Amino acid sequence: MNRTKARLSDGREIVYYDESPGRAPVADPRGLPPVEPVCEVRRDPLTGDHVTITAHRNTRTFLPPADQCPLCPGGPASEIPDPSYDVAVFENRFPSFDVRTPPVPPSIDGVERSRGAGRCEVVCFTDDHSASMSLLPVSRVRTVIDAWADRTAELSAIPGVAQVFAFENRGVEIGVTLHHPHGQIYAYPFVTPRTERMLASAAANPDLFGDLLKAERAGSRVVLSGEHWTAYVPAAARWPVEVHLTPHRHVPDLAALDPGERDELAVLYRDLLRRCDALYDTPLPYVAGWHQAPVGEGRDLLRLHLELFSIRRAADKVKYLAGSESGMAAWINDVPPEDVAARLRAAGG
Ligand SMILES: [Zn+2]
C-alpha cells in the first residue's frame, strides 16, 4: 500500500492509498474559500448524551447528477483532483466535527457545551461511480482495510479525539446523499452512547466479548466463520437484518489487526456483503459500522467488531423507527434472528 498526502485548495487534507507506487498529486484548480465549520457539542441534562449542533451543514450536496459527482476523479466539481485513484480519503467539506471550529462558552442556560473538535473524513473505495464494495476485487477491499487502519491510527493521535468510527451508509433508504461507493470516518471528541453502554457491560465481565463469541459460535446464528473472524446474527438483534463480524483475537481497533487477519477480513467481508445483496431482488440498503475501543479510558475492554444492519424487513417494506424505538430506545423486531441467519447462510456460494 502506497500513501500520498496532498492538500485541497481550501486547505483540507487528501490522502491517496494506491496499490502501486508513483503518484504525483495534481493541484486542486477550484480556488475554494477556507472551510469555517461551527460544531458545538451540548450535553443533554436529562440523559448525559452528547448532541452535536452543526448549522453550517444545511447547505451540503444532495444527490447531484452523475456527471457532477464530487467523488468521481478529476472533474470540475470533483473533490479528488487526480484523474484516477484506488482509494482516496479527504476531510469532509461539511464536517460534523472539526478542529477548526471556534471556541464556545463552557455553559449557557445551565447546559454544558464544548467545541466539536474532532475530524470527519470521506473514504472513496474506488474511482468507478457504478461499483459497490461487494463488487470490488478482494485486493481492493484489502486496500480499503489498510486505509481504514491507517486513518484510525492517525485520527486517534489528534489531541481531544476520544473514539474513531469508520462506517458506510449504502442506499437512498438509509439517507445516502451520494451514490458513488464511499464511506465516512468520524473522529469524535467524546465516547458515543452505544460504546459507553458496551463499556459498562464489559466492565462487569472483562471477558464479555470472548464469552459472547464462544456462545455464538456454538449456536445457530453463525453466518460465516474463518480462522480469524466469525460473522453471526446477534440473539437480540434490533434490526430486521443485523450481522456482527468479530475477530477471534481481542484487539482494540483496525490498526491492531495483523496482516493475516486483514487478508481474511477482505475475503469474509466481501462474502458477507454479497450474501446481504442476495437476500432480495435489489441490493440491500445498509449501515456497516466499525465499533472500535476508545482512545483513552476503557481501551482494553472493548473488542473491535463490525455491526451491519438494514432497515429492509421485506422485499418492498422498510422498518421505520416509530414510537417505541425513537421515543424510548426500546426495540421491537418482527424478524427472528435465527431465520435471518439461515437465509444469509443459504444466500452464499
Ligand atoms: Zn462518482
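**Exercise 1. A charge over a ring**

Over which ring does the charged end of R238 sit?

*Solution.* The model is predicted. Start at the charged end of R238. It sits over the ring of W331, 5.5 Å from the ring centre. A charge counts here if it is within 6 Å of the ring centre and within 35 degrees of the ring normal. Next, take R23. Its charged end sits over the ring of Y16, 4.4 Å from the centre.

**Exercise 2. Classify an aromatic pair**

*Solution.* Step one: a search of the whole structure gives 14 aromatic pairs. Step two: take F97 and Y186. Step three: locate the partners. Step four: check burial, which requires under 20% relative accessible area. F97 has 3% and is buried. Y186 has 13% and is buried. Step five: widen the view. Ring pairs join F97 and Y186 with F165, F167, Y188 and F190 in a cluster.

**Exercise 3. A second pair**

Decide whether W239 and F309 are stacked or edge-to-face.

*Solution.* Look at the planes of W239 and F309. They lie at 10°, with ring centres 4.3 Å apart, so the pair is stacked. Now the locations. W239 belongs to the loop between β12 (229-232) and β13 (241-247), and F309 to strand β15 (residues 305-310). The pair therefore ties together parts 70 residues apart in sequence. Both W239 and F309 are buried.

**Exercise 4. The zinc site**

Name the donors of the zinc ion and work out the geometry of its site.

*Solution.* List the donors: C69 (SG), C72 (SG), H129 (ND1) and H180 (ND1), at 2.1 to 2.3 Å. Then check the angles. Among the four donor atoms they run from 104 to 119°, and the site is tetrahedral. For that label, all angles must lie between 85 and 135 degrees. The ideal tetrahedral angle is 109.5 degrees. Now read the spacing of the donor residues: C-x2-C-x56-H-x50-H. C72 lies in the loop between β4 (50-53) and β5, and H129 in the loop between β8 (119-124) and α1 (138-156), so the two tie together parts 57 residues apart in sequence. Last, H129 is partly exposed, with a relative accessible area of 25%.

Definitions and conventions. Residues are numbered from 1 along each chain as its sequence is written. This is a predicted model: local features need pLDDT of at least 70, side-chain atom pairs count only at pLDDT 80 or more; totals for chains, interfaces and linings use all residues. Side-chain values use heavy atoms; hydrogens and water are left out. Rings of Phe, Tyr and Trp (its six-membered ring) pair if their centres lie within 6.5 Å; planes under 30 degrees apart count as stacked, over 60 as edge-to-face and the rest as tilted. Buried means under 20% relative accessible area, exposed over 50%, partly exposed in between (1.4 Å probe, protein chains only). Helices (H or I, at least four residues) and strands (E, at least two) are DSSP runs, numbered from the N terminus. Donors are N, O and S atoms within 2.8 Å of the metal (3.2 Å for Na, K and Ca); water is not among the atoms, so sites may look incomplete. Four donors count as tetrahedral if all angles lie between 85 and 135 degrees; four count as square planar and six as octahedral if opposite donors are over 155 degrees apart and all others between 65 and 115; anything else is irregular.
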